[in-house]
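The sequence and structure are shown first.

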Amino acid sequence: MSEGRPTILVEDDRTGMDPTTLRRAVVDHLLYTRAKDLRSATLTDVYHALSHAVRDRLVHRWMTTQRQYASADVKRVYYLSAEYLLGRQLEANLHVLGLRDLAQRGLAAYDIDLDAVLDEEADPGLGNGGLGRLAACFMDSLATLKMPGMGYGIRYEFGIFRQEITDGWQQEAPDEWLRKGNPWEIKRPEYTVPVPFGGHVEHSVDDRGRLEVRWREANRILGVPFDTPVAGYGTPTVNTLRLWSSRASEQFDLGVFNDGDYRRAVERKALDESISKVLYPKDTSEEGRALRLKQQYFFVCCSVHDILRRYLRSHDTFDALPSKAAIQLNDTHPAIVIAELMRVLVDRESLEWEHAWEITRATCAYTNHTLLPEALERWPVSLFRALLPRHLEIIREIDRRFLRVTHVWSGGDDARTKRMAIVDDQTASVRMAHLSVVGSHTVNGVAELHSELLRKHVLADFAQLWPERFTNQTNGVTPRRWLLQCNPELAAEITSRIGDRWVTELGDLAKLTPHVDDPEFLSRLAQIKRTNKERLAEVLRARSGVRVDPGALFDVQVKRIHEYKRQLMCCLHVMWLYHQARFASASIGRRVVLVGGKAAPGYAEAKRHIKLINDVAAHIDADQTIGGQLKMHFLRNYNVSYAERVIPAADLSEQISLAGKEASGTGNMKFQMNGALTLGTLDGANIEIRQEVGPENFFLFGMDAEQVREVSARGYDPSAVIAGSERLQTVLQMLEDGLFNPVERDLHRRIASYLRQHDPFLVCADFDAYCDAQQHAAQTYADPAQWWPKVARNIAAAGKFSSDRTIRGYASEIWGVEPLEITLPTGA
């Protein structure tokens, strides 16, 4: 360079962060990745070009992170989950890199709207509800906290399903989320794993007199990994989510094909590749149950192979595995990992049983997510024998050794030993929760009440045997997506008051406490909420043609449709409000009730509740006599992107599950930090939310978990409750009269009859208290001087419910994992 000549620095098109370089990178990808120019490009093309440009800026951080993990030989968390409800990735990654505003301005220069580009991205169909969304929040927090971690799951081609509503009924359609391609994933065929199924087991004795076991499988399927980068906020750390896709080991039988039997030639390929087609296939048939078990073993087998492959790069023995790998089971879906790790260590690596068991138990930990007995997975022994014969042998041996321990510990209490057995001989089934507890060093619940109920009731015998294994880690959500991204106006207002450290230290929201009675702050909260409601109203109009009043109370219940979550109770209350407005000429205030969620394809009762909600909504919509006071709408195909619109607009968050049934809930936390007040029971994390915000800022109703147990133990008679309630008599009569569906009167009569005779989730028992709480909430909403200070206090008290806090707890109390500071090369 000549002396005196200025130095010109040109940033690399793949990594540069200045506006000019980013614009150039997007146009470059448009041309060379999409083969389009600006004139011919569609919004889909622009989405892919921008996504690839953003991914480029993650890749060098990603590679640097993985290199430094390997170089430091750090202990890593391996999070095994059947679900990851990620949400759209482009906007999240723009926020992580601090490029959202820059991208918006850059596209505007070409008259392209960034929001329109963001809407081109499909929600990844990799989860159903809270379990999958929690896993996604945890992956975000692991990276943000600089924790070495990796997620494992299944790359479902069609996800859970796309929910359509036809004549009020839920219909399931394939969720073709990959139809336009996925720019965030990278296929890794070099790490393909063979997965065996079926066949038989051979036993022999080797030259040294040791038992030698060979599993002669009948079929082998290939697991092909696809990697997605998960970037931390405010840090160069980028972790990996590795999802497995099933491929046939033989694409098709060429001989059969040449003989003209084209269907049979590809039949095996279609069967093998069905494993990663759909999340939670309907399990009401033997084939459906077999496919579910195949899915679970498929991703566990692939993941164990991958974990050990990585470990053996730096280690010659397995002695250090527990100090280098923490395998976390997200519920019982990956429970077979305990038997698979034992199979590999004993059969393939020739470790002694006791040594292998010590390593396995020290490596694995189990998170329980349910208190419902029917949700604690069991698999028929016959199905295990057909698909995983060697694993059945291993599980029986684990069980035999465990029962010897329980027999001595219990003083020969046979009844207790039978209760604790992994293999239930009476029903010929394998209890996966018991396998998870026996094979893990730590078992945690996900809310204080949930963990207490696990210890006292659901897993009481195990908690008495191993009290030191049981702990609690209350769930949390990532504030990056669930406040910074989905509610930018509120995020900006918070930052203007307390600075931006809250994005990674959510406890800083407590600094808002001095502002909770500030009229200017409360006025801003009201303005922001109104804007969000107007935005949601426009979304509802565009999606469904529904018009709602943004000035009304937005009363929202969005979650998986299940009887214990009691969407039915919400609907009955709407019916009562309608009766009051229509037949009693009462003023009920203005209210918009929004309900959303999916019912499992085989869950007939939940589907009937969706039908009822839609029938009631349609009837109210058609009745002009109530002056628009009341509106109800079912949010079709509710997903993460929809949630990002709904949650910031909600005034009232319905968390009304029967006490003692919800493990934690995380929707309650998202609504709270976005300025909705909670109306709920003492269930799951509601209890902790109420403790944080104060009882006066929470609309409580209903029995607590102990009262529910007492009522059930006495013998619950819903007819006695109905006889003493004018409201229940009224709404049940409306159902029996067929008011909301005069064509199919028996449909709603069936629901009324079910409540009168059974009511297993005590809807009737809690209904009057629920209506009273709703009335209190409506009266409070009508008085802004009462409502908005409560909103402010809820936001200020949301700091506990960050997934960052949860992950810190897992890391220090369960995993023994430390953060690693990633250092990027100079200039990167």
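Which residue stands opposite Ile186 in E9? In this predicted model, Asp227 of strand E9 stands opposite Ile186.

Strand E9 spans residues 219-231 and is mostly covered, with 11 of its 13 residues buried.

| Partner of E9 | Residues of partner | Bridges | Sense |
|---|---|---|---|
| E5 | 186-187 | 2 bridges | antiparallel |
| E6 | 193-197 | 5 bridges | antiparallel |
| E10 | 238-248 | 11 bridges | antiparallel |

Val195 stands opposite Ile221 in E9, and Pro225 has Trp244 in E10 as its bridge partner. E9 and E10 together form a hairpin, with 6 residues between the two strands. In the turn of that hairpin, Gly234 has a positive phi of about 70 degrees.

**A three-stranded open sheet**

Elsewhere, 3 strands form an open sheet in the order E13-E15-E14, with antiparallel pairing. Strand E13 (378-380) and strand E14 (423-424) are the edge strands, since each pairs on one side only. Strand E15 covers residues 429-431 and is joined to E13 by 3 bridges in the antiparallel sense. Within this arrangement, Arg378 stands opposite Arg431 of E15.

**Contact between helices H21 and H32**

The axes of helix H21 (residues 519-544) and helix H32 (residues 784-796) come within 10 Å and cross at roughly 85 degrees. The two helices are therefore roughly perpendicular to each other. On H21, the contact is made by Phe521, Leu522, Leu525, Ala526 and Lys529. The residues contributed by H32 are Trp788, Pro789, Val791, Ala792 and Ile795. Classified by residue type, the contact of H21 with H32 has 9 nonpolar residues, no polar residues and 1 charged residue.

**Cysteines**

How many disulfides does a search of the whole structure find? The search finds 0. Cys301 counts as buried, at 4% relative accessibility. Cys571 also counts as buried, with a relative accessibility of 1%.

Notes: Residues are numbered from 1 along each chain as its sequence is written. This is a predicted model: local features need pLDDT of at least 70, side-chain atom pairs count only at pLDDT 80 or more; totals for chains, interfaces and linings use all residues. Side-chain values use heavy atoms; hydrogens and water are left out. Two strands pair if DSSP finds at least two bridges between them. Helices (H or I, at least four residues) and strands (E, at least two) are DSSP runs, numbered from the N terminus. A disulfide is a pair of cysteine sulfur atoms within 2.5 Å. Buried means under 20% relative accessible area, exposed over 50%, partly exposed in between (1.4 Å probe, protein chains only). Axes are lines fitted to C-alpha atoms, for helices over the stretch in contact, and angles run from 0 to 180 degrees between N-to-C directions. Angles under 35 degrees count as roughly parallel, over 145 as roughly antiparallel, 65 to 115 as roughly perpendicular and the rest as oblique. Contact means heavy atoms within 4.5 Å. Ala, Val, Leu, Ile, Met, Phe, Trp, Tyr, Cys and Pro count as nonpolar, Asp, Glu, Lys and Arg as charged, and the others, Gly among them, as polar.
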